[in-house]
Amino acid sequence: MRSTSGQHFSRLDHLRALAAYLVFVWHFLHMTPEFPVPYASQPIFPLALFDEGHTGVALFMTLSGYLFAKLVGPHDIDFPRFLWNRAMRLAPLLIVCLTAWTVIGQLTGKPIPTSDLVYGFLLPTWPYGAWSVAIELHFYLMFPLLLLLTRRQGPGALMLVVAGALALCINWWITFGEAQHIAYWTIFGRIDQFVFGMIFAFATLSGTLRRPALNAIAAISMLSFLIIWTQFDAMGGFHNRTGAPSPHPIWIVIPTIEAITFGALIAWYDGATFRIPAALDRVLTRIGEWSYSIYLLHFFPIVALRHTFWGRSGSADDFYVAWLIATLAFIAFLPVAAMSYTLLEKRFLAFRKPYLRDRAAVTA
């Protein structure tokens, strides 16, 4: 997908495709702690990445911070136009999905609380994945302030934001006995991911992070993350085997661990010099373009897809079989996402406006 400045970073679309795939597989395998795949089935290293695919949300959010920092670079932004563009990108499909879930809730006798819809942007409580869109909107509102902080104090000043978020998560854990809620479901946990995306983008743009150092950071952080993620999965993972919020203090630092890992991965892959086969590049780029539709729309058929398979097989105890079927279901869902992008999302992208301004022209 091209930005309003005409720039297109296909490799970032590849990573969007990966994020969408992780989230799709996660919901196919673990919509609840017990079904369809119980956490007792711990996959071999490094497949916990897919058993705990909710980390795809963190990859999406780190990508946002990286992409906007890279796009803006030395420019200033016209903030009203920036927000308009984000509305044209996110609002049409979001409104369609929220409306559909509201109607489905009324028809099935399980209505979505009006308060969840009205206050969903603030809290965020929009249902079925839309909560993360609200957090993205929170970041968009904060982005000019983060950009100003970076330009006045340097990218290192963004670490103050990370430190503040960590302090808040620690206080939440001390007060409520768990940090999973604030770390996973709110901007206070997710801000690390946007910020580290920005830090890695500015560090590579300025040349302060050289390629050898980036290669080392990306390799070490990714290996460390996979080791931690394997242990996290063995401990009970996201659902803590019970469905109750986990009291483990690891949730204080999970967003930061994800942020550093994915920030380094994004910067490394974006600047990698190795060639990707043209056909594979085209496929991954298209899936990345469709990733927003995949993310919001997959909640509609995912339950039916799971129950269809498990009802026929009679067993959901094998992670590897379930992962294979989840992958096939993901592939089967791609035409739906492509249609949504072409018929709905893409039409509204034509209304976007250029929002980057030359800083020299502004100060002249």
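How far does helix H11 reach from its first C-alpha to its last? I looked this up in a predicted model. Helix H11 covers residues 250–270, which is 21 residues, and reaches 29 Å. At 1.5 Å a residue, 30 Å is expected, and the value found is close to that. I then checked how covered the helix is: 17 of the 21 residues of H11 are buried, so I noted H11 as mostly covered.

Next entry: the core. I found that the largest nonpolar core holds 108 residues. Phe139, Phe143 and Trp251 have the most contacts inside this core. Helix H1 (residues 10–29) gives the most to the core, with 13 residues.

Leaving aside neighbours within four places in sequence, I listed its contacts, among them His54, Ala179, Tyr184, Phe232 and Phe238.

Phe232 came next. I placed Phe232 in helix H10 (residues 211–234). Is Phe232 buried or exposed? Its relative accessible area is 3%, and buried means under 20%, so I put Phe232 down as buried. With neighbours within four places again left aside, Phe232 is in contact with Glu52, His54, Gly237, Phe238, Ile250, Trp251 and Ile254. I also took one distance: Phe232 and Ile187 are 45 residues apart in sequence and 22 Å apart in space, C-alpha to C-alpha.

Last entry: a pocket. I noted a volume of about 150 Å³ for the second largest pocket. Its lining includes Trp101, Lys110, Asp116 and Tyr128. By class I recorded six nonpolar, two polar and two charged residues in that lining. Helix H4 (residues 79–108) gives the most to the lining, with four residues.

Technical notes:
Residues are numbered from 1 along each chain as its sequence is written. This is a predicted model: local features need pLDDT of at least 70, side-chain atom pairs count only at pLDDT 80 or more; totals for chains, interfaces and linings use all residues. Side-chain values use heavy atoms; hydrogens and water are left out. A nonpolar core is a set of buried Ala, Val, Leu, Ile, Met, Phe, Trp, Tyr and Cys residues joined through side-chain atoms within 4.5 Å. Buried means under 20% relative accessible area, exposed over 50%, partly exposed in between (1.4 Å probe, protein chains only). Helices (H or I, at least four residues) and strands (E, at least two) are DSSP runs, numbered from the N terminus. Contact means heavy atoms within 4.5 Å. The expected span of a helix is 1.5 Å times one less than its number of residues. On a 1 Å grid over the protein atoms alone, a cavity is a set of points where a 1.4 Å probe fits but cannot get out, and a pocket is an open set with protein on both sides within 12 Å along at least five of seven lines; lining residues have an atom within 4 Å of a point. Grid points are joined across faces, edges and corners, and a volume is the space filled by probe spheres set on the points. Ala, Val, Leu, Ile, Met, Phe, Trp, Tyr, Cys and Pro count as nonpolar, Asp, Glu, Lys and Arg as charged, and the others, Gly among them, as polar.
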